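Q: Can you walk me through this one? I'd like the ground rules as we go.

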Amino acid sequence: MNFQMPDFSLALPELWVATMACVILVVDLFARGRESAPAFYLTQLTLLVGIWLAIDAQWGRDAVTFSGSYVADNLAVVLKVAMMGLGLLAFAYSRDYLRQRDLLKGEFYVLGLLGILGMMVMASAHSMLTMYLGLELLSLCQYALVAFNRDSRMGSEAAMKYFVLGALSSGLLLYGLSMVYGVTGSLDLGVIREAAAGVGAQNIMLAFGLTFVVVGVAFKFGAVPFHMWIPDVYQGAPTAVTLYIGTAPKVAAVALFMRLIGEGLAGLQEHWELMLVILAVGSLAVGNIFALVQTNMKRLLAYSTISHVGFLLLGFIAGTPEGYTAALFYAVSYSLMAAGAFGMVILLSRRGFEAEEVEDMKGLNDRHSGFAFIMLILMFSMTGVPGTVGFYAKWLVLKAVIDVDMVWLAVVAVIFAVIGAFYYLRVLKMVYFDRVEGGEALQAPAGLRVVLAGNGLAVLILGIFPDSLIAACAAAFGS
Amino acid sequence: METVYLAIPLAPLIGAIVVGLFGKTLGRSVSHWVAIAAVAVSTVLSFIVLREMLWGGGQPYNDTVYTWMVLGDLRFEVGFLIDRLTALMMVTVTSVSLMVHIYTIGYMHDDSGYQRFFSYINLFTFAMLMLVMANNFLQLFFGWEAVGLVSYLLIGFWYQKESAVFANLKAFLVNRVGDFGFLLGIAAVLMYFGSLDYQSVFQSAQASPDMTMSIWGDAEWSVITVACILLFIGAMGKSAQAPLHVWLPDSMEGPTPISALIHAATMVTAGIFMVARMSPLFELSETALSVVLVIGAFTAFFMGLIGLVQNDIKRVIAYSTLSQLGYMFVGLGASAYAAGIFHLMTHAFFKALLFLGSGAIIVALHHEQDMRRMGNLRKYLPITHITMLIGTLALIGTPFFSGYYSKDIIIEAVGHAHRAGATFAYWMVLLGVFVTALYSFRLYFMVFWGEERIDPHAKEHMSHLPRYVMPVMEWPLILLAIPSLVIAWFTAGPVLFGGYFGDAIFVAPANDTLAELAGHWHGPVAFGLHFWASPAFYLALAGFLTAWFLYIKQPGLLPAIQSRGRLLYEVLVRKYGFDWLWINLFGGVGRGLGRLLWRVGDVTLIDGLIVNGSARTVGRVAGVLRHLQSGYLFHYAFAMIIGLLVLLTIFIGQWRGWFA
């Protein structure tokens, strides 16, 4: 076997982020005192340059390198740009939150950046091994981030649960991958694709492997019944970390699904389709119904995530390029809304006070009508009200499943969306109609306000002009 | 020219937005200057357009300005059709609107909603211009609804007043009835002619005039007749024709400048304009024209009669407006479209004048509207008196006044018409002349002559006024009195007989009643001097004399007449029961049905059982299920394993063909 020199230039974005993560680690060591400001700005710079590199080096390509382990194509670019963009947003939100809680340390950025690196590797994975590598890198960073506030009992508990369950799911995934390898004799997803199509559903071993892989993916998404970690982790982690976990990794999960199942095991669609239907309906039901009784905002958003995952999975179930486009669009636009919603929790919190309860939203309109309006946009978007990006996200996935004649599934999804509207609107009712005695004016740093306002407006503007984002997502699937 | 066309409606729109949003900041005088300047721009440009049409050899302009959306073959567009009909309407609308704007400075002087008012009337001017300039049904409908909206807003301008709120709701609801027909008419046009554009609709209609549709059972209906009658129902709502007229008298709750602008001169004539615009359609349906003729004639006579028993000065003029709108429809129904439009124009001037004059009186008397507490006002309000006299003379059709030409031609035209209902219409409009003269001079004598019956309180108020009427209110009166007197001298010939409208109005040769009359037309002077040959003149004279006799010469006779004609009097005071019909019968039954459905259907079934019931169920389920999320790690892991097993079972089931 001849060793072939890989084309390093193709993997420039990952190399850049990896290098910079190390640089930041070192820089932060020497520039600790000033609230890790250099680390912050370097991180943001890294991501901005990374976005540019990803577009520049990989857009419009379709090349495989590193002996078939790494692929550069449009899908990879769109995923990476979304991941880094959301990372950028998450870091921008986090800074003031962490500063107020004395958590502002360079490690946050390094861990976050390495997590993004893991996601990027997943996005470009063209072998099961690369995929697993990226996934583990991401997961390990997340476990550490959840426990970032190590004096917090809840944070440690959440991290512990996350770690154990994550390890379990990793084990299941790995087991599944090994079975797939056993049948096809290759780690290369391109080879697996052809082999799987050839062997087909007749091979029970392959289909068994598929089931385990689906479980691994479902855990990453937090689809029911592999969702149990989500509420505890979302609640237990510092809000800034929740924001991080709740956004970009959703896009990474799309990458995981697309590379392993959507592309690699496309030949087994009739099998995974039905499994995903179970997962989707379960997520829609559990997510929406459980969210009704939550009083903690972060838990409410956690269950809301689960219900949105149910919607997102509809796009995969359709199994068409339009369906995948819709799912990717859903992941990106949902992440944007979730970032805004957690950002709102951060905004209302301050040192020594976590505005985590839904009740803390009361009277927001009296305190600051502008942010009340942002909250209105975000909640409307999560509900799927026209004029916000959430409407198009739902519309696209519903259209995708209707196009493949699964009208009943669309009807089920819409019914649960109606149930979901209740708790989103209840938040708005508190914002606009409930009065609080002595509600003080908002005290929040200017930077945070600007980011949040921009985020809310982006949800609105993308809801009015969604074409470019839809086109980008469609380009990822070659249409 | 396209820029000019765009600027004409947009100037008042910009004015409305600026004054509406920033009125409070700009202050009163800046606001009214902005509003007036905006309308003045439109007025001047409209005159330029008219001049271009008349002497500049301007060709009709018909083009799309903006495409809103395209649905298959259907295009939703904003476009202008500017021809001589449009130009005439634009000039009429903008010039009356300008007069009213100026007058408003005085009339609304002490009102707290000053800027709001200017914003509304600017908006109205925009909407009305969009309506008349439209080249397609969609934009027509937009303008139609927009003027309706502003009318609603302005009738209820004093929204603390219960009666004003009632009146604006009434206007809105009655117009909905008309709009229902209008919308169905547009839908029929779209369905059978496949387009919303005037020109292509007219062409398809001319190409296939005998198309039929079956609405009910096997009976075949002419598409054009159905469409025209439906469109005309819309016109009946907007132009207040019986039985959809009930909103107009109540609309007098709005400020008087609005009564002049919207409820006399412009908006209510939208129906007339629409029918004239659609003349290529209406000409194809003898039946539809007969309907127009009969409804118009009925309104012209019977609504005029109600005017005889009203005591509120504005309501007398309002009933007069109803009656005059009836005349215009009679003109249209007799295929004398030009005569209808011509009467629309002359009426716009003298009716606006009468309303603004009554507004001046009302302000001078400290918001007194009851004519029984007026009398002998010519002493205090000389200019108002003279101008209102001119308006009154024009209204009753005194020779040489503008109303004489327009009304007499309508009467003659309907006399020459041959379609079903023409005889009835002829007698109605002829007798209507007597009624018109009677109620007009009744008003005139009660207000300006006779003994002074002014309320002491109002008298007290008057003694504090430096001037009874502000100059800013008098100038519009004078400026409107001039066209009321003279406008027909220059325009009657070309508009009625000279082919002014060209292709803008289509009349089938067999129906062309005006052409038959053209032989008798030897110029305005000859026509004026020929008054002795017209029965209308004697009827008008009789009306005048009756009014003079009853209100000046022998005022004591009135109570005796009232008690003799008790029954007739009661019928008139109750307005033939139309109000009762709408409010109690239709309104009452509708509300009763609504309440029943609300109680049973909505509250019990939908809200109680379905919405709240399912919400309660979901809530209960959620309350139970939440215990599944126990917080124990091993429960979580267990759930995952169960999930895996379920998926594996499904897979095996599929493999074994359980689900096949």
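A: Start with buried area: the accessible area (1.4 Å probe) that two parts lose on being put together, summed over both. By that count, chain A and chain B bury about 2,800 Å² between them, with 82% of it on carbon and sulfur atoms.

Q: Which residues of chain A lose the most area to chain B?
A: Met228(A), Phe290(A) and Val293(A); together they make up 21% of what that side buries.

Q: What sort of model is it, and how is it labelled?
A: It is a predicted model: local features need pLDDT of at least 70, side-chain atom pairs count only at pLDDT 80 or more, and totals for chains, interfaces and linings use all residues. Residues are numbered from 1 along each chain as its sequence is written, chains are lettered from A and ligands numbered from 1 in the order in which they are written, and side-chain values use heavy atoms, with hydrogens and water left out.

Q: Back to the interface. How many residues are in contact?
A: 36 residues of chain A with 26 residues of chain B. Contact means heavy atoms within 4.5 Å.

Q: How many salt bridges cross it?
A: Zero by the rule, which asks for a side-chain nitrogen of Lys or Arg within 4 Å of a carboxyl oxygen of Asp or Glu.

Q: New topic. What helices and strands does chain A have?
A: 20 helices and two strands. These are DSSP runs, numbered from the N terminus: helices are H or I, at least four residues, and strands are E, at least two.

Q: How much of chain A is buried?
A: Buried residues are 63% of its 479. Buried means under 20% relative accessible area, exposed over 50%, partly exposed in between (1.4 Å probe, protein chains only).

Q: Is Pro249(A) buried or exposed?
A: Buried, because its relative accessibility is 5%. Pro249(A) is in helix α11 (residues 248-264) of chain A. Leaving aside neighbours within four places in sequence, Pro249(A) touches Met119(A), Gln142(A) and Tyr244(A).

Q: And α17(B), how many of its residues are buried?
A: Twelve of 15, so this helix is mostly covered. Among them are Tyr404(B), Lys407(B) and Asp408(B).

Q: Last one: where is Leu609(B), and is it buried or exposed?
A: Leu609(B) is in helix α26 (residues 578-625) of chain B. At 60% relative accessibility, Leu609(B) counts as exposed.
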